[in-house]
Amino acid sequence: MGTGTGPVPISMADDIARARELLEHATSVAVLTGAGISAESGIPTFRDALTGLWEKFRPEELATPEAFEANPKLVWDWYAWRREKVVHAVPNAGHRALVAIERGCREREADFTLVTQNVDGLHRAAGSRRVVELHGNIRRVKCFDNHHAIESWQETADEVPTCPRCGSLLRPDVVWFGEALPPEALAAALAAARTCDVFLCVGTSTVVEPAASLPYIALEGGARVIEVNPQPTPLTGSASVSLRGAAGEMLPLLA
Ligand code: OAD
């Protein structure tokens with residue numbers, strides 16, 4: 001687990017200096033995060049070999065409206081298991097570094113927007129202020145038929161809880177495959193990508209649309225892209241700086 005205090009390889013020092021310089025001179029910073037930033041908080045990613053959730057589970061059986069209609073209890077229980085991990089997780093050095101980068105932007109009156117695909121709420125828990133949750137939040141629940149927001153519910157061993165207002169089954173307030181993203185969140189993410197001059201992409205495989213297009217929209221607008229990821233991604237070749245390492249180790253060096 002990274003603390004950000006270990007020695008930096010000499011080969012990376014230039015890249016870190018370059019990334020810091022880009023961030024320090026930016027007038028508008030957009031950040032996109034994915035599951036990788038929460039890996040060091042103990043929350044599994046989706047596509048990492050061996051440890052990724054989609055290595056063990058099939059998305060079409062768990063993360064689609066059709067899956068919920070076919071087997072609501074299985075889907076509810078899977079999300080309850082994930083929610084349990086999330087509520088016990090705490091933000092790590094990567095989340096905290098993004099809070100510091102946002103504070104730095106605020107102090108010099110630069111724009112800052114943090115767009116996340118994560119549903120764990122750890123950016124807000126760390127203290128990030130301008131957070132756009134593209135895929136919803138696993139801590140929230142709504143009803144399947146009418147999207148009534150539900151504050152509290154009773155877990156039972158046998159049945160999926162139901163909506164006190166309309167009686168329909170409850171589901172997590174996350175975006176499933178085949179569903180539209182929350183329109184305000186998508187609009188805010190697109191606006192941030194279009195107007196930023198530095199786009200920082202952290203811990204995402206950049207394969208799920210529309211989030212995957214955000215860095216390319218930023219590039220079209222003339223922004224520089226900084227990528228933080230231990231593995232190469234389809235975006236790596238387009239990045240001005242690619243920091244090949246864990247978010248909890250790399251981001252504190254940029255903050
Ligand atoms: P993925 O699991 O696809 O990608 C995680 C990325 O994080 C990979 O590129 C890893 O190399 C990288 N990574 C792993 N550990 C890291 C660390 N310590 N620091 C930095 N990076 C690290 O997750 P996402 O790209 O977030 O959607 O996946 C996008 C969407 O697909 C998710 O929001 C989810 C999923 O299906 C829905 O459920 C709708």
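How many of the six residues of strand β2 (residues 111-116) are buried? Five of them are, so β2 is largely enclosed by the rest of the structure; buried here is under 20% relative accessible area, exposed is over 50%, and partly exposed lies in between (1.4 Å probe, protein chains only).

This is a predicted model, where local features need pLDDT of at least 70, side-chain atom pairs count only at pLDDT 80 or more, and totals for chains, interfaces and linings use all residues. Numbering runs from 1 along each chain as its sequence is written, and side-chain values use heavy atoms, with hydrogens and water left out.

**View 1. Strand β2 and its two partners.** Strands (E, at least two residues) and helices (H or I, at least four) are DSSP runs numbered from the N terminus, and two strands pair if DSSP finds at least two bridges between them. β2 pairs in the parallel sense with β1 (residues 28-33) over six bridges, and Val 31 has Leu 114 of β2 as its bridge partner. β2 also runs parallel to β3 (residues 131-133), this time over three bridges, with Thr 116 opposite Glu 133.

**View 2. Phe 177 in its loop.** Phe 177 sits between β6 (170-174) and α9 (183-195). At 38% relative accessibility, Phe 177 counts as partly exposed.

**View 3. What Phe 177 touches.** Skipping neighbours within four places in sequence, Phe 177 is in contact (heavy atoms within 4.5 Å) with residues including Arg 47, Trp 54 and Pro 59. Glu 60 is 117 residues away along the chain, yet its C-alpha is separated from that of Phe 177 by 7.9 Å.
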